[in-house]
Amino acid sequence: MIYLPRPANCEADSLHAQIAAVGLGTCGIEWQDDELGFRFDDELTAEQQSRLSAVVAAHDGSTVIAERAEKKLRAEQLVADSQAIVDAARAKRLAGDPLTQQELAAIADIFMFQGFQPQ
């Protein structure tokens with residue numbers, strides 16, 4: 001296991017991709033508060049360890065983290081915007097009335113995005 005300091009804006013998927021892109025292959029990463037432990041199938045050479053250190057030190061997942069947060073915020077807003085429409089649709093259905101396309105779309109939004117965790 002190789003332990004290195006954990007970058008401030010570390011993001012798992014992009015870090016794995018960056019490590020694979022420099023030819024180190026796939027690895028398991030043990031995530032700790034202030035450091036990361038890297039496990040490879042084969043022992044790394046000194047040159048490969050140097051490349052790993054450089055990749056980890058340069059890693060900045062802030063863009064991916066920000067995009068994920070933006071998607072989550074958009075999903076939460078869709079749910080909030082749809083809730084009143086869904087509540088009205090529920091009353092219409094209980095009364096036996098047909099639903100509009102907008103009401104059906106709002107119901108779909110609630111089902112798709114309630115508790116949504118973007119990847």
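**Helix pair.** I began with the crossing of helix 3 and helix 4, which is left-handed in this predicted model. Helix 3 covers residues 62-94 and helix 4 covers residues 101-113; their axes come within 8 Å and cross at roughly 130 degrees. I therefore logged helix 3 and helix 4 as oblique to each other.

Next I listed who touches whom. On the helix 3 side I found A75, L78, V79, S82, Q83, I85, V86, A89 and K92, and these meet Q102, E103, A106, I107, D109, I110 and F113 of helix 4. By class, the residues of this contact split into 10 nonpolar, three polar and three charged.

**H59.** Then I moved to the loop between helix 2 (46-58) and helix 3, where H59 sits. Is H59 buried or exposed? Its relative accessibility is 5%, so I noted H59 as buried. I also found a polar contact of 2.7 Å between the side chains of H59 and Q18. Setting aside neighbours within four places in sequence, H59 is in contact with P7, N9, C10, E11, S14, L15 and Q18.

**G25.** My last stop was the loop between helix 1 (12-21) and strand 2 (28-31), which holds G25. With a relative accessible area of 32%, G25 goes down as partly exposed. Which residues does G25 contact, leaving aside its neighbours within four places in sequence? I got I19, A20 and F40. I also checked G25 against D41, 16 residues apart along the chain: their C-alpha atoms are separated by 8.9 Å.

How values were computed:
Residues numbered from 1 in each chain as written. Predicted model: local features only at pLDDT ≥ 70, side-chain atom pairs only at ≥ 80, totals over all residues. Heavy atoms only, no water. Axes fitted to C-alpha atoms, helices over the stretch in contact; angles between N-to-C directions. Helix = DSSP H or I, 4+ residues; strand = E, 2+ residues; numbered from the N terminus. Parallel < 35°, antiparallel > 145°, perpendicular 65-115°, else oblique. Left-handed = near helix turned anticlockwise from the far one by under 90°. Contact = heavy atoms within 4.5 Å. Nonpolar A, V, L, I, M, F, W, Y, C, P; charged D, E, K, R; others polar. Buried < 20%, exposed > 50% of the residue type's maximum accessible area, 1.4 Å probe, protein only. Polar contact = N/O pair within 3.5 Å; in protein donor to acceptor, adjacent residues only side chain to side chain.
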